[in-house]
Amino acid sequence: MYTTLKEVTRRAEELNYTVGAFNTHNLEMLPDLIRAAKEQGAPIIIQTSVDTAKYIGHENLVAVCKSMATKEMVDVVLHLDHAKNFDDIKEAIDKGYTSVMFDGSSLPFKDNIMKTCAVVEYAHQRGVSVEGELGTIGGTEEGMHVAEKDKIYTNPKDAVEFVKVTGVDALAIAIGTNHGQYKSKTEVNIPLLKEINAVVDTPLVIHGGTGVKENDIHELIDNGIRKFNVGTELLVAWTKTAKETFGKTKVNKSLRHNIIPCNLAVKEVVKHKIEIFMNKEGSFIGVN
């Protein structure tokens with residue numbers, strides 16, 4: 001089913017797992033992202049940046065996600081990641097995305113609330129989910145860089161007010177992760193996560209998931225993480241494989257022989273991540 005972020009995170013909360021949110025960087029890798037979820041029997045959130053959506057075409061992304069969700073019988077969410085401009089968010093919603101993120105994390109607290117409220121109002125009237133962000137996540141993504149010294153952790157008291165006033169369907173929090181981190185792993189602030197989870201009922205989101213230690217993931221899930229973003233790891237796997245395949249092929253050989261191995265490399269990463277995200281070793285919360 002082509003569905004919403006609110007719906008898949010609701011089920012994740014009931015059964016205590018997290019939903020993998022995977023960035024597609026081109027149209028070629030998209031089908032194998034969805035097939036990976038189908039093979040694991042799990043929902044999937046397909047994410048795009050604003051620039052990727054414009055590069056591929058919103059309508060093309062919507063069409064593929066809708067058709068494959070039906071054909072493969074898997075729950076698929078199409079999510080716009082880290083949008084800061086209302087016009088970009090409106091375009092994605094109007095063209096069929098089922099989830100959007102307004103990133104007002106760099107704004108003063110009150111401005112972040114007010115602008116997030118405007119997005120929530122527009123999106124919810126059209127059945128679209130909204131993710132907000134509080135605190136700043138380090139690293140580099142889509143050309144935007146946040147230095148280590150400029151990272152701001154999420155304040156639990158602010159989080160309570162933010163979700164109450166805005167009505168967001170999910171909240172991205174800053175607990176030490178970094179965008180673009182793949183050569184090393186970060187130390188996530190689990191005590192802070194526990195504080196936030198104790199006072200906020202809204203599903204919580206991890207950004208910069210490539211840099212998170214896999215041994216930490218179960219504890220993150222057990223403390224409220226219901227959406228887990230992975231982007232850089234897919235990009236690295238696809239590009240490394242592309243360098244190998246394109247470097248060895250004849251110039252007149254069909255491109256699919258070069259690209260299929262890249263897509264399959266990404267597919268294996270996604271299947272591995274989803275296996276962890278389903279949290280089979282974690283505690284079971286159950287339906288209230």
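C117 is partly exposed, because its relative accessible area of 24% falls between the cut-offs of 20% and 50%. The model is a predicted one. C65, by contrast, counts as buried, at 0% relative accessibility. The disulfide count is 0.

Strand 8 (residues 170-173) and strand 10 (residues 204-206) run parallel and are joined by 2 bridges. A172 has V205 as its bridge partner in strand 10.

E131 belongs to strand 5 (residues 129-134). With a relative accessible area of 0%, E131 is buried, because buried means under 20%. Two side chains make polar contacts with that of E131. The side chain of K227 makes one at 2.8 Å. The side chain of H79 makes another, at 3.3 Å. Leaving out residues up to four places away in sequence, E131 touches L5, H79, V100, M101, F102, A170, A172, V205, H207 and K227. A172 and V205, both in this set, are the bridge partners described above.

Helix 2 (residues 30-40) was examined for its buried residues. They are L30, P31, D32, L33, I34, A36 and A37. In an α-helix, residues three or four places apart point the same way, because there are 3.6 residues a turn. The buried residues of helix 2 pack against strand 1 (19-23), strand 2 (44-48) and strand 3 (76-83), among other elements. Their helical neighbours include helix 4 (58-72), helix 10 (232-248) and helix 11 (256-277). G41 follows helix 2 and has a positive phi, near 65 degrees.

Aromatic rings form 3 pairs. One of them joins F86 and Y122, with ring centres 5.7 Å apart. The planes of F86 and Y122 stand at 75 degrees, so this pair is edge-to-face; the cut-off for that class is over 60. F86 lies in helix 5 (residues 86-94) and Y122 in helix 6. The pair therefore ties together parts that are 36 residues apart in sequence. F86 is partly exposed, with a relative accessible area of 34%. Y122 is buried, at 14%.

Another pair is formed by F228 and F277. Their ring centres lie 4.7 Å apart. Their planes are at 40 degrees, so the pair is tilted. F228 lies in strand 11 and F277 in helix 11, so parts 49 residues apart in sequence are tied together. Both F228 and F277 are buried. With F22, F228 and F277 form one aromatic cluster.

Methods. Residues are numbered from 1 along each chain as its sequence is written. This is a predicted model: local features need pLDDT of at least 70, side-chain atom pairs count only at pLDDT 80 or more; totals for chains, interfaces and linings use all residues. Side-chain values use heavy atoms; hydrogens and water are left out. Helices (H or I, at least four residues) and strands (E, at least two) are DSSP runs, numbered from the N terminus. Buried means under 20% relative accessible area, exposed over 50%, partly exposed in between (1.4 Å probe, protein chains only). A polar contact is a pair of N or O atoms within 3.5 Å; within protein, one must be able to donate a hydrogen and the other to accept it, and residues adjacent in sequence count only if both atoms are side-chain atoms. Contact means heavy atoms within 4.5 Å. Two strands pair if DSSP finds at least two bridges between them. A disulfide is a pair of cysteine sulfur atoms within 2.5 Å. Rings of Phe, Tyr and Trp (its six-membered ring) pair if their centres lie within 6.5 Å; planes under 30 degrees apart count as stacked, over 60 as edge-to-face and the rest as tilted.
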